[in-house]
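Me: I would like a close look at a single part of this protein, together with whatever surrounds that part. Please take the structure below as the starting point.

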Amino acid sequence: MGSYDDIIHLPHPNSAKHPRMPMSDRAAQFSPFAALTGHGAAIEETARLTDRRIELTEEEKTVLDEKLRLLLETGGEGMITYFLPDERKDGGAYVTKLGTIKKIDPLEGRVILTDRTAIPIKDILEIEIRTILGSGM
């Protein structure tokens, strides 16, 4: 005779105060638990690398000014590499944009391309002239 033979065939007790839990809720008790919600995203953000802004010499700035003026006067197309500050942390990234200069806004200190992209002049690192109207460079 087993030690539980006297109770093994008794009906399951039901509480008068607490209704039985539905099976779907019982299963939820054993679902995965993320104690540190958002922790993984925070670690990924911290690990994401950003570049530092490169400071140009006065001579390099003069060369960039000449290229900007040439592209504006001729309607040529250029590859402009500029610093784009990161919205969430120090630093940023260097991006390159192919375009034609529509105007230079000296009051705002920015270059406006024909596609309406506005690039702060102080953030421009390099300009590669691709084409000048009337010739293929």
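Predicted model: local features only at pLDDT ≥ 70, side-chain atom pairs only at ≥ 80, totals over all residues.

Reply: The pocket is lined by 14 residues, of which Leu56, Lys61, Ile121, Lys122 and Ile124 are the closest to its centre. Two elements, α3 and β5, each give two or more residues to this lining, and α3 gives the most, with three. Sorted by class, the lining consists of eight nonpolar and six charged residues, with no polar ones.

Both of those elements belong to the description of the sheet, which is an open one of five strands in the order β4-β3-β2-β1-β5, paired in the antiparallel sense. Its edges are β4, residues 118-120, and β5, residues 124-131, each of which pairs on one side only, and from one strand to the next the twist averages 40°. Helix α3, residues 58-74, packs on this sheet and touches β1, β2, β3 and β5, while its direction makes about 40° with that of β5.

The loop between β4 and β5 holds Asp123. Asp123 has a relative accessible area of 6%, and because the limit for a buried residue is under 20%, Asp123 counts as buried. Once its neighbours within four places in sequence are left aside, Asp123 is in contact with Arg53, Thr81, Tyr82 and Phe83.

Strand β2, residues 92-105, pairs with β3, residues 110-113, over four bridges in the antiparallel sense; Lys103 has Ile112 as its bridge partner in β3, and Ile101 has Leu113. The hairpin of these two strands has four residues between them, and there Gly109 takes a positive phi near 70°. Strand β3 is in turn joined to β4 by three bridges, again antiparallel, with Arg110 standing opposite Pro120 in β4. The hairpin of β3 and β4 likewise has four residues between its strands, and in this hairpin Arg116 is the residue described with a positive phi, near 75°.

Conventions: Residues numbered from 1 in each chain as written. Heavy atoms only, no water. Pairing = 2+ DSSP bridges. Axes fitted to C-alpha atoms, helices over the stretch in contact; angles between N-to-C directions. Contact = heavy atoms within 4.5 Å. 1 Å grid on protein atoms, 1.4 Å probe; cavity = no way out; pocket = protein on both sides within 12 Å on 5 of 7 lines; lining within 4 Å. Nonpolar A, V, L, I, M, F, W, Y, C, P; charged D, E, K, R; others polar. Buried < 20%, exposed > 50% of the residue type's maximum accessible area, 1.4 Å probe, protein only.
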